[in-house]
Amino acid sequence: MNAKGRPTGTGAETGFTPHETFTGNRGLVQEEPLIFELDSPGASGVDLDEPEEFAPRLGTVARQGRIGLPGLSEPEVMRHYVRLSQKNYAIDSGLYPLGSCTMKHNPRLNEKMARLPGFGDVHPLQPQQTVQGALELIDTLAHWLKELTGMPAVAMSPKAGAHGELCGMMAIDAALRARGEEGTRKRVLVPESAHGTNPATAAQIGFTVDSIPATEDGHVDVAAFKAKLGPDVAAIMLTNPNTCGLFERDIIEIADAVHEAGGYFYCDGANFNAIAGRVRPGDLGVDAMHINLHKTFSTPHGGGGPGAGPVVLSEALAPFAPLPWIVHEKGAYRAIEHESEGTGQPFGRMTAFHGQMGMFVRALSYMLSHGADGIRQASEDAVLSANYILASLKDVMSAPYEGPCMHEALFDDSFLKGTGVETLDFAKAMIDEGYHPMTMYFPLVVHGAMLIEPTESESKDSLDLFIATLRDLAESAKRGETERFSGAPYLAPRRRLDETQAARKPILRWQHGRNEPASKAAE
């Protein structure tokens, strides 16, 4: 293997790579250095006239050397970023099986709507009378979110799932303060099958986290949960469907029990794509739940953004919703920005302005184009796709739980026992087959977990090819073909990296002439 992490030699050792090329390119998969490494001093994408004589006013702070930005012509810049884009795996290029992330197709109609004049260039500091359409859209979207969840109120401004969790738990904290119980109710119950951000959110606010174990079939242990209830419990934070891809069948009993104990019920709505149009969380006793617009309602997901995480609230928590609120009065829409303008007891603000306008437009476009029946069908198709994968693979891969799943199929690594192949190896070999790996090692309650969420976006042909690929990989591992996995990926632009070293000692700034040991492929 050479210094760039690509295999050398004839490929007889692996059977995958015939030879190394002089350019580093592999056919149409082209080698692409950092843009700083492409620097050609003096090159520029624009022609600037020589300035007329002038008297500089910078004194001793005038620049003495090069600014350090790379010099490239316009075609070179364009080619660089196009080549980088070709190295990305996206839902637009193939099935994206990440579990618990809902990587679904984003209809281009939604993008067109978000770019309409007025929506695409609206500014948060415009006078409210000039953005009546935007305020009406936010209010309309809020209405349908309340309809879908059976909840009387919604906070629109949170900008992501974890931000929404923070909002919901801050509303619960505010409600406890209003009851005079902020000093006594400091414990939050969090099932082992919850999303990892749940305990982190509770701890950030100042609550003590108490874990609830799971039963052998992957659900919340109701007996253990009830044993932990007491006068110091503030809330339970439960994900439903949970991260094992299972619906918590005892959710109403859980809600009733926590309410009877004087606590609140926070539900993580990240997996709402499995139940939207089928189940209203408000009917289950939920007090607060965030909704990832960038997952359930199609907005592009990942890459650090964009996102939006509105939080629906029960009647008990509605008065504590954060500012701003949109109200319709005297034929006009108005954003209530100050507590003195309303009748509630808001705990404050989550963001400087009104939330993610582009996400609101996309989500409402999705809702209106699908309709109630379409949203319900999307949920049903997502569950059907996951169960099709589960049923088609459980004879060659191992499923930790019996019975059907919800929106995602969960496997463990017991089918790899004795093969010399681990979950990570299996996932890396998927890259050679042209697939992004599924979510690995999560949820933590399952050893060597492989969590697959196909969503409703995939056709049967797409699912069949994916299933056939995973069957082939599983059977290959069982036949002892470990070389297919131990060095994978063989065909990616970069080979297997030292991810531990890269995480512990990241190189965040490029320096001329320095190698990249933290991201160098393993020899």
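This is a predicted model: local features need pLDDT of at least 70, side-chain atom pairs count only at pLDDT 80 or more; totals for chains, interfaces and linings use all residues.
## Confidence in the model

The chain has a mean pLDDT of 90. A pLDDT of 70 or more is reached by 93% of its residues.

## Helices H9 and H11

Two packed helices are described by the angle between their axes and the distance between the axes. Helix H9 covers residues 357-393 and helix H11 covers residues 460-478. They pack at an angle of about 30 degrees, and their axes are 10 Å apart. Because angles under 35 degrees count as roughly parallel, H9 is roughly parallel to H11. The crossing of H9 past H11 is right-handed.

On the H9 side, the contact is made by Ser 385, Tyr 388, Ile 389, Ser 392 and Leu 393. On the H11 side, the residues are Lys 460, Leu 463, Asp 464, Phe 466, Ile 467, Leu 470 and Arg 471. Sorted by class, the contact of H9 with H11 has seven nonpolar, two polar and three charged residues.

## Helices H4 and H5

Helix H4 (residues 161-178) packs with helix H5 (residues 197-205) at an angle of about 45 degrees. The axes of H4 and H5 are 9 Å apart. H4 and H5 are therefore oblique to each other. H4 passes H5 in a crossing that is right-handed.

From H4, the residues in the contact are Ala 162, Glu 165, Leu 166, Met 169, Met 170 and Asp 173. They meet Thr 197, Asn 198, Thr 201 and Ile 205 of H5. The contact of H4 with H5 divides into five nonpolar, three polar and two charged residues.

## Backbone geometry in loops

Most residues other than glycine have a negative phi, and most peptide bonds are trans.

The peptide bond from Leu 323 to Pro 324 is cis, and its omega is near 0 degrees. Pro 324 sits in the loop between strand S7 (311-313) and strand S8 (325-329). The bond from Phe 442 to Pro 443 is cis too, with omega near 10 degrees. Pro 443 belongs to the loop between strand S11 (439-440) and strand S12 (450-452).

Ser 100 is not a glycine, yet it has a positive phi of about 70 degrees. Ser 100 is placed in the loop between helix H1 (74-86) and helix H2 (108-114). Its relative accessibility is 9%, so Ser 100 counts as buried. Lys 330 is not a glycine either, and its phi is positive at about 50 degrees. Lys 330 lies in the loop between S8 and strand S9 (332-336). With 90% relative accessibility, Lys 330 counts as exposed.

## A buried lysine

Lys 428 is part of helix H10, which covers residues 423-432. The relative accessible area of Lys 428 is 13%, so this residue is buried; the cut-off for buried is under 20%. Leaving out residues up to four places away in sequence, Lys 428 touches Ala 488, Pro 489, Arg 496 and Glu 499.

## Two long separations

Gly 371 is in helix H9. Gly 371 is partly exposed, having a relative accessible area of 23%. Along the chain, Gly 371 and Phe 466 are 95 residues apart, and their C-alpha atoms are separated by 30 Å. Phe 466 is one of the H11 residues in the contact with H9.

Asp 121 is found in the loop between H2 and helix H3 (132-149). At 56% relative accessibility, Asp 121 counts as exposed. Asp 121 and Lys 460 are 339 residues apart along the chain. The C-alpha atoms of Asp 121 and Lys 460 are separated by 39 Å. Lys 460 is another of the H11 residues in the contact with H9.

How values were computed: Residues are numbered from 1 along each chain as its sequence is written. Side-chain values use heavy atoms; hydrogens and water are left out. pLDDT is the predictor's confidence in each residue, from 0 to 100. Axes are lines fitted to C-alpha atoms, for helices over the stretch in contact, and angles run from 0 to 180 degrees between N-to-C directions. Helices (H or I, at least four residues) and strands (E, at least two) are DSSP runs, numbered from the N terminus. Angles under 35 degrees count as roughly parallel, over 145 as roughly antiparallel, 65 to 115 as roughly perpendicular and the rest as oblique. A crossing is left-handed if the near helix is turned anticlockwise from the far one by less than a right angle, and right-handed if clockwise. Contact means heavy atoms within 4.5 Å. Ala, Val, Leu, Ile, Met, Phe, Trp, Tyr, Cys and Pro count as nonpolar, Asp, Glu, Lys and Arg as charged, and the others, Gly among them, as polar. Buried means under 20% relative accessible area, exposed over 50%, partly exposed in between (1.4 Å probe, protein chains only).
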